Amino acid sequence: MGVEGIGARVVRKEDKRFITGKGRYVDDIKLQGMTHAHFIRSPHAHAKVKGIDSSAALKMPGVVAVLTGQEIVDDKVGNLICGWAITSKDGSPMKMGAWPAMAPETVRFVGQAVAVVIAESKNLARDAAEAVVVNYEELPAVADVHAAIKSGAPQLHPEAPGNQVYDWVIGDEGAADAAIAKAANVVKLDVTNNRLAPNAMEPRAAIADYDSAEEHFTLYTTSQNPHVARLVLSAFYNIAPEHKLRVIAPDVGGGFGSKIFIYPEEMVALWASKKVGRPVKWTGDRTEAFLTDAHGRDHVTHAEMAFDANNKIIGLKVKTYANFGAYMSLFSSSVPTYLYATLLSGQYNIPAIHAEVIGVYTNTTPVDAYRGAGRPEASYLIERLMETAARQLKVDPAALRRTNFITQFPHQTPVIMAYDTGDFNASLDAAMKAIDYAGFAGRKAKAKAEGKLRGIGVSCYIEACGIAPSKAVGSLGAGVGLWESAEVRVNPVGTIEVLTGSHSHGQGHETTFCQLVAERLGVPISQVSIVHGDTDKVQFGMGTYGSRSAAVGLTAILKAMEKMESKAKKIAAHALEASEGDIVIENGEFKVAGTDKAIAFPMVALAAYTAHNLPDGMEPGLKESAFYDPTNFTFPAGTYICELEVDAGTGKTSFVNFVAADDFGRLINPMIVEGQVHGGLVQGIGQALLEHAIYDANGQPVTASFMDYAMPRADDVPSFNLSHTTTLCPGNPLGIKGCGEAGAIGASAAVINAITDAIGKNNLEMPATPDRVWRTIHAA
Amino acid sequence: MSTVKLTVNGKAVAVDVEDRTLLVQLLRDHLNLTGTHVGCDTSQCGACVVHMDGKAVKSCTMLVGQADGASITTIEGIAKGDELHPMQAAFRDNHGLQCGYCTPGMIMSAIDIVHRYGGQLDEATVRHELEGNICRCTGYHNIVKAVLDAAGRMKVSQAAE
């Protein structure tokens, strides 16, 4: 590794603009003649729209238009789609309720838009929205999954009787039942995985600009995957053909999954910009984010794990109800199925697994992928089960895990996934050492003597990342391939532009992707720039989510680099009158191995473009592209251990220590990897202790601002002790597994296992607020 | 409409604005200083923090009229030319930012914290003082490190002046 190559802790190239206030987010952009949109949203969880009277609003100053749901339907803008087809156990397709971008007839969650005001300023649009009178006829609503599936429950969609989206199964039910029947011990657990609001700090925003002469749209938007947005807007929403639609996702202020999806607001902005003949800007406020950004999690699960007399797991049976909210968001269907149930083997040898997942509509905000997406729910369930089992079987929780670890790879689980490599003992050992697990009993006794309840909690997670092999996901119902593309453009002066379909919204690609180029060519990263987030610049891309950018996106860059280097070597060999096979690349020079003959990389580039003396038949120029489709998922794994104290008098939790030992395969920039883990851990801790998107029984959200929804703040969380154990991923040439979601996947179980250890009671749901912990301690 | 006169990053500014205009709207929409962000509209997240007469304020919750005659410093105004403010440098060097959206407000709050404590800070104090600034990316670990690092750097740079 060079000073800026793979493995170096290079400070980020992108930071300068962010720390000096020069970042360029969507809301920072102004276009000539730009108008402003404000949406009129339903205050009811379920209602008929009987009429919209915009006559008063249209007379107000600065109002350009008031557009309604009926108009967008009349103009044949397509309904929102769900891009992953799931089939129920009876063979029927999932039941899709129609979701127009603005509701013409029926609203099904608080915050669903029915109309939009377009005005000369944001304030004038808001003023006019107050004057639009919407006549609603309220309908009974349901927010809870169990209430929604009861007979007689309010029905959301005529397409989905009983509010059921699907009833999907995976695994061998007979084998799982047989294991439970013959088990020495069966551990049963009911858990709720609380609904979360992703809350990227930058609210979603869109600016649409229609050019009537060219019949061309430009959309600036807060997207993790601008090419996917263009594809969906074009192919399914009838906005414009792809060559007439440019999507730009400039600096994006965090995503965590919530900015994968193509939302109604972008569709409406595009459509409205053509309608009014001027650019239209919409920037959400925080409450709109709570009401309309796809939420995460929201599972209710019953699970039974069977053990033999030697404490070996012999079977697992799981039944999960997944709350999808009022509509099926873009990738929602895959989250509690192929991203959840396929990870139910955890780090353990489990010969028989069966899971049933029932998807349910409720009158709440749609639920989709949020950091981890299905894998946190699986990991939380399995690690709560293991802790519960250790307590029931009266064995050490770490030892019980060790007894059941998978140690031979590759390992085929009973739920599709084939783990390629790993060393689960190594990460458990590292975490136990880091936290002095052996000394815990002494610390607990000492704390007890001081009147404190101290607990320790282990969580051994595994996730499937590097999403995803296209053929495999296609066979499971995905509507798209999940490869990545890259292009390497060498300029005549030898500087390099790397165009990638990955999108950085905090991940630091502008640094890490340069490090690969520096590693291979020995050029400084200042000579390299990364171009992303613009469909007019980058050939194509599937974007950033599922911890895929390094494992898939960077591998695509590597493939393009290899092609470019191969051509450059031919040019160098020709110039040096040597054999191509003898050319090596070192420190920015192409050398004839074992000699002092060399040509600097910029001279090779110049030769490619002057084309005065190229090998016979070679095309001028030095630019190559590649598409890379992974052969398998990657399987990051690790152990998190949390030690904390609970105040029995108040129920408040205080962290003592939090250690993480992760196996992410090869690390490109350990500083950035650590940052990803820190952030993920705090999202997991937030779920465990603080966060909960709550609805009342009538579907009214009661946590729709930062005044009500408890975001983790600096004094809620500890500093972390991180380490890495490494097994290289055999599935990609760089050996990368991915690190973006691990913290959020593994942390919550460690926290709840520690609190329940501290208080000596196992039944505790997330978020473990002081109130809830105090009640649990003092429950009879 | 009123005419409001104030100093922004050392420059005198006079603007005619609606009385309901918020300070953050003046900065972003009228003066094109888009480094100051809006993250929550309820004074909770701190993405909008600027300095008014040297003290940290949340510009999303202040009417422009309340800033009449004041001296405002934004994230765009703290570096000396190409020389970063020690807090900016510490955020970069400690990887105290990821998506960058909360960063301007974090930096402006953090400078105020260091000033108020005369640079005498420990981790617990920094964490407590940052409770009005929310970050969703970093988990705060490296932000806390950055602020402690900058507290030392600011002492050195003050001593040098």
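## A mixed sheet and its helices

A:D662 has A:H724, in β28(A), as its bridge partner. The model is a predicted one. The pair belongs to the link between strand β27 of chain A, residues 653-663, and β28(A), where 4 bridges hold two strands that run parallel.

These strands are part of an open sheet with 4 strands in chain A, in the order β18-β26-β27-β28, and its pairing is mixed.

Helix α18 of chain A, residues 670-689, lies across β27 and β28 of chain A. Its run is at about 135 degrees to β27(A).

## An antiparallel sheet

Strands of a sheet pair through backbone hydrogen bonds, in a parallel or an antiparallel way. Chain A also has an open sheet of 3 strands, ordered β22-β23-β24, with antiparallel pairing. Its edge strands are β22 and β24 of chain A, and each of them pairs on one side only. Neighbouring strands here are turned by 25 degrees against each other on average, direction ignored.

| Strands of chain A | Bridges | Direction |
|---|---|---|
| β22 (residues 583-586) and β23 (residues 589-592) | 4 bridges | antiparallel |
| β23 and β24 (residues 598-600) | 3 bridges | antiparallel |

## A helix pair

How do α10(A) and α11(A) pack, and at what angle? Helix α10 of chain A, residues 375-393, and helix α11 of chain A, residues 397-404, pack at about 110 degrees, and their axes are 9 Å apart. Angles of 65 to 115 degrees count as roughly perpendicular, so α10(A) is roughly perpendicular to α11(A). The crossing of the two helices is right-handed.

From α10(A), the residues A:M386, A:E387, A:A389, A:A390 and A:L393 meet A:P397, A:L400 and A:R401 of α11(A). By class, this contact has 6 nonpolar, no polar and 2 charged residues.

## Between the chains

The contact between the chains takes 40 residues from chain A and 43 residues from chain B. On the side of chain A that touches chain B, the elements giving two or more residues are α1 (15-19) and α18 of chain A. α18(A) gives the most to that side, with 7 residues. This is the helix that also lies across β27 and β28 of chain A. By class, the side of chain A that touches chain B has 17 nonpolar, 13 polar and 10 charged residues.

## Two domains in chain B

Chain B is divided into domain 1, covering 2-75, and domain 2, covering 86-160. The C-alpha centres of these domains of chain B lie 21 Å apart. In their contact, 15 residues of domain 1 of chain B meet 11 residues of domain 2 of chain B.

On the side of domain 1 that touches domain 2, β3 (49-52) and β4 (55-58) of chain B each supply at least two residues. β3(B) gives the largest share of that side, 3 residues. By class, the side of domain 1 of chain B that touches domain 2 of chain B has 7 nonpolar, 7 polar and 1 charged residues.

Note on methods:
Residues numbered from 1 in each chain as written. Chains lettered and ligands numbered in written order. Predicted model: local features only at pLDDT ≥ 70, side-chain atom pairs only at ≥ 80, totals over all residues. Pairing = 2+ DSSP bridges. Contact = placed C-beta atoms within 7 Å. Axes fitted to C-alpha atoms, helices over the stretch in contact; angles between N-to-C directions. Nonpolar A, V, L, I, M, F, W, Y, C, P; charged D, E, K, R; others polar. Parallel < 35°, antiparallel > 145°, perpendicular 65-115°, else oblique. Left-handed = near helix turned anticlockwise from the far one by under 90°. Domains from an automatic or database assignment.
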